[in-house]
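Hi,

Here is the structure I promised to pass on to you. Have a look at it first, and then read on for what I found in it.

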Amino acid sequence: MRSALAALLRDEEQIDAVAACWGSAHGRARSFRPQVCVVDGDGAGPMQDASPPGGPDCGLLVLASACRPGTLRRAVAAKARGFVDKDAPPARLRHAINLVAAGKRYVDHTLTLDFLQAADMPLTPRELNVLQLAAGGASVPEIAHELHLSTGTVRNYMAAINRKTGARNRVDAIRISQGAGWV
């Protein structure tokens, strides 16, 4: 996907596009000094694991799938300036890149409902931490150890997660939360 996007954008007169995986993006950004960093918001957690490459002057533009409000919530927390639906036509992506490069914000109109749903996410940040570890296969004692909590506290968090998501059990809560893009 990175290569295809870079090839698409290289045809633009005012855009120099470079493709890089998240792990090498910081090194590449130091040499290129990008104005905009385009990331796959549905990827394996880069927005929550590290700051985007390019430094404070680099605008973060997130490609997001519709019906995944959790992705948008994480992108907002990462201070993204632009949001484009992955199914949007190339012209919309180019328009968003130009706006973000100019220091403006862009929100794809097809993601509006997802933004409203992202604001309504019922889980607290701590509950999300517990659920992310559970989704990764961690047991209650492992979650407790990782988050420096008692096993009883983790069980209480899981009960609250089940109640808030309407889940029948832990597996159902993970399925519901992954479907919404929260984890």
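This is a predicted model: local features need pLDDT of at least 70, side-chain atom pairs count only at pLDDT 80 or more; totals for chains, interfaces and linings use all residues.

Let's start with helix α5, residues 90-101.

Which residues of α5 are buried? They are Leu93, Ala96, Ile97, Leu99 and Val100. Looking down the axis of α5, you will find these buried residues within an arc of 165°, so they line one face of the helix. After α5 comes Gly103, which has a positive phi, near 85°.

Is Asp108 buried or exposed? Its relative accessibility is 0%, and because buried means under 20%, Asp108 counts as buried. Its side chain makes a polar contact of 3.1 Å with the side chain of Thr110, and it also reaches the backbone nitrogen of Asp85 at 3.0 Å. Leaving aside residues up to four places away in sequence, Asp108 touches Phe83, Val84, Asp85, Ala88 and Arg92.

As for the whole protein, there are 10 helices and 4 strands, and from the N terminus their order is α-α-β-α-β-α-β-α-β-α-α-α-α-α. Of the 183 residues, 38% are buried. Taking contacts between residues at least 6 apart in sequence, 54% join residues at least 24 apart. The protein exposes about 10,100 Å², with carbon and sulfur atoms supplying 52% of that area.

Best wishes

Note on methods. Residues are numbered from 1 along each chain as its sequence is written. Side-chain values use heavy atoms; hydrogens and water are left out. Buried means under 20% relative accessible area, exposed over 50%, partly exposed in between (1.4 Å probe, protein chains only). Helices (H or I, at least four residues) and strands (E, at least two) are DSSP runs, numbered from the N terminus. The arc is that of the directions from the helix axis to the C-beta atoms. A polar contact is a pair of N or O atoms within 3.5 Å; within protein, one must be able to donate a hydrogen and the other to accept it, and residues adjacent in sequence count only if both atoms are side-chain atoms. Contact means heavy atoms within 4.5 Å. Accessible areas come from the Shrake-Rupley method with a 1.4 Å probe; for residues, only the protein chains shown count as cover.
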